[in-house]
Amino acid sequence: MTSTVRIGDREVGEGRPVYTVAEIGINHNGDLEIAKQLIDIAANTGVDAVKFQKRTPDIATPPDMRDTPRDTPWGEMTYLDYRYRVEFGVTEYEEIDRYCAERGIAWFASPWDVPSVDFLEKFDVVCHKVASASLTDRELLVRLRDTGRPVIASTGMSTMDEIDAAVELLGTDRLVLLHTTSTYPCPPEEANLRTIETLSRRFGVPVGYSGHERGLQVSIAAVALGACLVERHVTLDRTMWGSDQAASLEPEGLRRLVRDIRTVEAAMGDGVKRVFPGEEAPRRRLRRV
């Protein structure tokens, strides 16, 4: 039996409804109005939370990438300038915080560096998220642990030794692990969903799934295998410019995902074999002896 973790007003873990997260990430392309449209889609669909990404570009951008030219909708610019172009600051996050409260949906973010944790701590976020790329950043993990907030940690592109080290630093009291494969988009043969059970047995914490695949089948299967949280990227249109758009769900896909998760939850039952009321008439009619 794994533990549960409280995120906002919800308990997340075994025996609790699956916590659903629509990752907006940087699919807003630096446009606050697009971000608000995506918040609306998530709220209207019944998603529990939306997630963003927060970076300090000078810290989070690898030195050898900073001057790399990148073609963007705003013209050619360096990779560092692009990172600044799509990054939201305090004004945008104040509006995101206000708007999510108005829509009745929780929000949080993946901070990619320590100053970004300090930035997010100015808001009453329900938790913090460790991106897969940051799972080996010890300084970041310690700062996240020291906030005292719940931490959701993705385990993509990581060895089990690296996950062990991260869990040792973060502790297990307020930790949710996410199985994920950091391939965009992720082919089914790389999803390796049985790792959900592996992580659950090894660490005794709630384990969810962050999907980067096309379609819904793999995410739904993750729920059947015990995922207590499902996170998927959301976009207005998969053909929009941006590295995460193609592996994202459009509004109708997100709606179907939430619908199907709730159907699978209802179908899982409690494992106790019984004769259900709907079986009584066929039982009387068809049993010969």
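In which loop does Pro185 lie? Pro185 is in the loop between strand S10 (175-179) and helix H8 (195-203); helices (H or I, at least four residues) and strands (E, at least two) are DSSP runs, numbered from the N terminus. The peptide bond that joins Tyr184 and Pro185 is cis, with omega about -10°.

This is a predicted model, in which local features need pLDDT of at least 70 and side-chain atom pairs count only at pLDDT 80 or more, while totals for chains, interfaces and linings use all residues. Residues are numbered from 1 along each chain as its sequence is written, and side-chain values use heavy atoms, with hydrogens and water left out.

Most residues other than glycine have a negative phi, and most peptide bonds are trans. Two asparagines with positive phi are tabulated here.

Eight strands form an open sheet with parallel pairing, in the order S7-S4-S3-S12-S11-S10-S9-S8; two strands pair if DSSP finds at least two bridges between them. Strand S7 (106-111) and strand S8 (128-130) are the edge strands, each pairing on one side only. From one strand to the next, the twist averages 25°; axes are lines fitted to C-alpha atoms, for helices over the stretch in contact, and angles run from 0 to 180 degrees between N-to-C directions.

Ser210 stands opposite Glu231 in S12.
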